[in-house]
Amino acid sequence: MAAVGQKKNTLLGLARRTVRRSWSKARSLRHGTAASCARVAALSLILAPAASTQTAANEASPGGTDRAAVGFVIGHGEPALEGALSTVSEVLLRTFSVSEVDLSEGALDDLDVVVVAGGPDIPDAELYELDQFLMRGGRLAFLLDAAKIPRDGTQALVSHSNIFGYVSTYGIVVNPDLVLDLACADGAAWGDMESPAPDPYWPVVLTPGILDTHPVVSGLTSVPLAWTSSISMRGVGSRTRTSVLLSSSPDSWTVSALADLSPDGPFEPPTQLDDINRIAGLDGFPLAVAVEGTFRSAFAGKQVIVQS
């Protein structure tokens with residue numbers, strides 16, 4: 001079955017790992033008001049409708065009966081709402097209807113936003129469901145980890161999941177690198193590892209690197225990330241608009257995602273530069289982007305085996 005043609009809508013392409021940080025306030029995703037919150041996951045900040053030509057049909061007030069529906073893809077090793085994303089779920093449920101979705105069942109018609117987190121390998125028939133959701137006017141959010149972070153030890157691995165190739169068909173390339181930034185968290189902790197010292201592998205994006213005019217990140221003054229990768233925009237269509245939502249500081253550089261994450265360092269910019277080992281310019285590296293406009297199906301002109 002060939003894919004349908006084009007549809008005008010929003011695609012959010014993000015490359016970052018969710019970090020739970022203690023913040024005093026979290027910006028309401030729909031109405032832009034401040035809501036008290038003890039712990040907010042950075043993931044929740046990208047689900048506001050971005051500026052687009054299509055208005056969401058159910059812009060109901062928080063707590064109303066007609067809430068926008070957000071679905072998190074499961075079934076391929078993605079983090080679960082009752083596990084790693086439990087804080088995300090708790091925060092989003094204050095404003096949205098939140099659920100987990102199985103793409104093999106193709107039940108996306110009742111959703112407004114579909115989120116793909118982690119670095120999953122997804123069968124083509126299920127990627128087709130995502131693609132057609134976008135073509136029908138749905139909104140997609142990708143939070144992809146180019147590096148596989150170990151539960152124990154410090155050796156990261158490069159993720160080779162097919163989701164990266166799929167996202168690249170929309171002009172967004174999540175580079176197989178990790179961004180180190182001197183504007184970073186005071187400490188880092190994962191698994192049995194902990195360091196009270198500043199860790200450049202955990203960048204903190206401050207106001208100069210936040211596109212305050214975009215509704216997804218408007219009003220934020222600090223966004224902490226961990227083991228995040230840079231993003232390149234290649235071949236983005238002429239009928240789309242790309243906005244860099246978050247950027248690293250000029251004091252940042254990249255290394256291969258196949259990296260030693262030891263909090264003891266050393267943390268020094270590369271002396272030999274190439275496509276992976278780079279030093280940031282004044283604009284830093286893009287860490288989160290939004291693409292809006294008219295998209296061509298990733299499956300246009302291709303034969304797709306659709307599960308019955």
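This briefing describes confidence, strand pairing and aromatic ring pairs in a predicted model.

Residues are numbered from 1 along each chain as its sequence is written, and side-chain values use heavy atoms, with hydrogens and water left out. Because the model is predicted, local features need pLDDT of at least 70 and side-chain atom pairs count only at pLDDT 80 or more, while totals for chains, interfaces and linings use all residues. The protein chain has an average pLDDT of 77, and 77% of the residues score at least 70; pLDDT is the predictor's confidence in each residue, from 0 to 100.

**Confidence**

- Residues 1-6 stay under 50 in pLDDT, and the model has 26 contacts for them beyond four places in sequence (contact means heavy atoms within 4.5 Å).
- The pLDDT is also below 50 over residues 11-64, a stretch with 175 contacts in the model beyond near neighbours in sequence.

- An open sheet of 3 strands runs in the order 14-17-18 with antiparallel pairing (strands are DSSP runs of E, at least two residues, and helices are runs of H or I, at least four residues, numbered from the N terminus).
- Strand 14 (184-185) and strand 18 (222-224) are at the edges with a single partner strand each, so one side of each has no neighbour in the sheet.
- Strand 17 (residues 199-206) pairs with strand 18 in the antiparallel sense over 3 bridges (two strands pair if DSSP finds at least two bridges between them), and Leu-206 stands opposite Ser-222.
- Strand 20 (residues 240-247) is antiparallel to strand 22, with 7 bridges between them; Arg-241 has Glu-292 of strand 22 as its bridge partner.
- In strand 22 (residues 286-296), 10 of the 11 residues are buried (under 20% relative accessible area, with a 1.4 Å probe and protein chains only).

**Aromatic pairs**

- The whole structure contains 6 aromatic pairs (rings of Phe, Tyr and Trp, the last by its six-membered ring, with centres within 6.5 Å; planes under 30 degrees apart count as stacked, over 60 as edge-to-face and the rest as tilted).
- Tyr-128 and Phe-299 form an edge-to-face pair, 5.6 Å centre to centre with 80° between the planes.
- Tyr-128 belongs to helix 2 (residues 124-135) and Phe-299 to the segment after strand 22, so this pair ties together parts 171 residues apart in sequence; both residues are buried.
- The ring centres of Trp-202 and Trp-227 are 5.2 Å apart and the planes are at 80°, so this pair is edge-to-face.
- Trp-202 lies in strand 17 and Trp-227 in the loop between strand 18 and strand 19 (231-233), so the pair links parts 25 residues apart in sequence.
- Trp-202 counts as buried at 10% relative accessibility, and Trp-227 is buried at 9%.
- Phe-142, Tyr-166, Tyr-170 and Phe-295 are linked into a cluster by ring pairs.

Methods
Buried means under 20% relative accessible area, exposed over 50%, partly exposed in between (1.4 Å probe, protein chains only).
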